[in-house]
Amino acid sequence: MKFCLLICFHIALIWASSLEKHEQFRNKRNIGGRIIGGTPAYAGQFTFAAAIHVHTADGTFFCGGALISNEWILTAAHSYLKRFVDFSATLFTIQLGSNQLEGEDSNRVTLATSEYVVYPDFNPETLEHDVGLIKLRMPLEFTNYIRATQHLALVPIQDDTTVQGLGWGQVDDLTPELSNDLNVVYLKSISNAECRITYGNQITDNMVCVSGNYNEGACLGDTGSALIQVVSRGRQIHVGISSFISGNGCQSTDPSGYTRTFAYIDWIRNTSGVWDQ
């Protein structure tokens, strides 16, 4: 079964991981994802997009996230819940305001924090409840390029809905480096019944799977990044958190898996105090 237990799931987030390491996990469900078949986002298109480097005793890992207020970032729990002895050693370096990870950009703001909250029932083996929050040390000052998500999903995303996946993850299976550009791709949500054909019964109602044309979707490094639905008048709704991809590789035609934002809206609000969505 592709949707199998993954003991060393954090390896899939190492942005400098080698192809040899990737091959070790090809017959398992990989955690994370890249944007395959996407195009670079334009400046200011996703003002909430956060690039997160997680520094731990085990190394440095990368994931994405979404700014939901001037103090909180929404991401995946497994992005930073590693098997540490000393959890206080966790440090997040967060970049906001720029679509590029490197290079000069006057709109980029880089912050550091060590405070985070993981959903209490998160299961690292099945990825059930794969949601977490990172708190900034000080409130941010918003700019034209740094703003919180417009809306968090208040209703479940329906099947066959057009959505946008984004992230800085790998652009193919053979290139282990992150993309320097934030990429976006148009996808369609599919039914959980259809997703279970690929991943089995561990797909729950709290998850949503998406599929693109042929092999478009998420890849290694996209973990924690947002899934966006654009509705009337261009309003962006945060409907999912990138959680897992197929062990057959990013360029397979298997769907990508996300945590449904709607299922955790009460916990997000109660934890962060963000109620004005």
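A disulfide joins Cys195 to Cys209, with S to S at 1.9 Å; a disulfide here is a pair of cysteine sulfur atoms within 2.5 Å. This is a predicted model, so local features need pLDDT of at least 70 and side-chain atom pairs count only at pLDDT 80 or more, while totals for chains, interfaces and linings use all residues. Residues are numbered from 1 along each chain as its sequence is written, and side-chain values use heavy atoms, with hydrogens and water left out.

**Disulfides**

- Cys195 sits in helix α2 and Cys209 in strand β12, so the bond ties together parts that are 14 residues apart in sequence; helices (H or I, at least four residues) and strands (E, at least two) are DSSP runs, numbered from the N terminus.
- Cys195 counts as buried at 0% relative accessibility, and Cys209 does too at 1%. For the record, buried means under 20% relative accessible area, exposed over 50%, and partly exposed in between (1.4 Å probe, protein chains only).
- The other bond is Cys219 to Cys250, with the sulfur atoms 2.0 Å apart; its S-S torsion is about 80°, so this disulfide is right-handed.
- That pair links distant parts of the chain, 31 residues apart: Cys219 is in the loop between β12 and β13, and Cys250 in the loop between β14 (236-244) and β15 (256-260).
- Both Cys219 and Cys250 are buried.

**Nonpolar cores**

- The largest nonpolar core has 41 residues, and those with the most contacts inside it are Phe46, Phe48, Ile52, Leu67, Ile73 and Ile94. A core is a set of buried Ala, Val, Leu, Ile, Met, Phe, Trp, Tyr and Cys residues joined through side-chain atoms within 4.5 Å.
- Elements giving two or more residues to this core include β2 (49-56), α2 (192-199), β12 (207-211) and β13 (226-230).
- The core draws at least three residues from each of domain 1 (39-43 + 150-262) and domain 2 (49-148 + 267-272), with bounds from an automatic or database domain assignment.
- Leaving aside neighbours within four places in sequence, Leu67 is in contact (heavy atoms within 4.5 Å) with residues including Phe48, Trp72, Ile73, Leu96 and Phe142.
- A second, separate core of 17 residues includes Val163, Ala218, Val239 and Tyr258.

**Aromatic pairs**

- The structure holds 6 aromatic pairs. Rings of Phe, Tyr and Trp (its six-membered ring) pair if their centres lie within 6.5 Å; planes under 30 degrees apart count as stacked, over 60 as edge-to-face and the rest as tilted.
- Phe62 and Trp168 have ring centres 6.4 Å apart and planes at 90°, so they go edge-to-face.
- That pair spans 106 residues, from Phe62 in strand β3 (residues 59-67) to Trp168 in the loop between β10 (162-167) and β11 (183-190).
- Phe62 is buried at 1% relative accessibility, and Trp168 is buried at 2%.
- Phe92 and Tyr116 also make an edge-to-face pair, because their centres are 5.6 Å apart and their planes are at 85°.
- Phe92 lies in strand β5 (residues 91-96) and Tyr116 in strand β7 (residues 115-118), so this pair ties together parts 24 residues apart in sequence.
- Phe92 is buried with a relative accessible area of 0%, and Tyr116 is buried with 19%.
- Tyr119, Tyr264 and Trp267 form one aromatic cluster.
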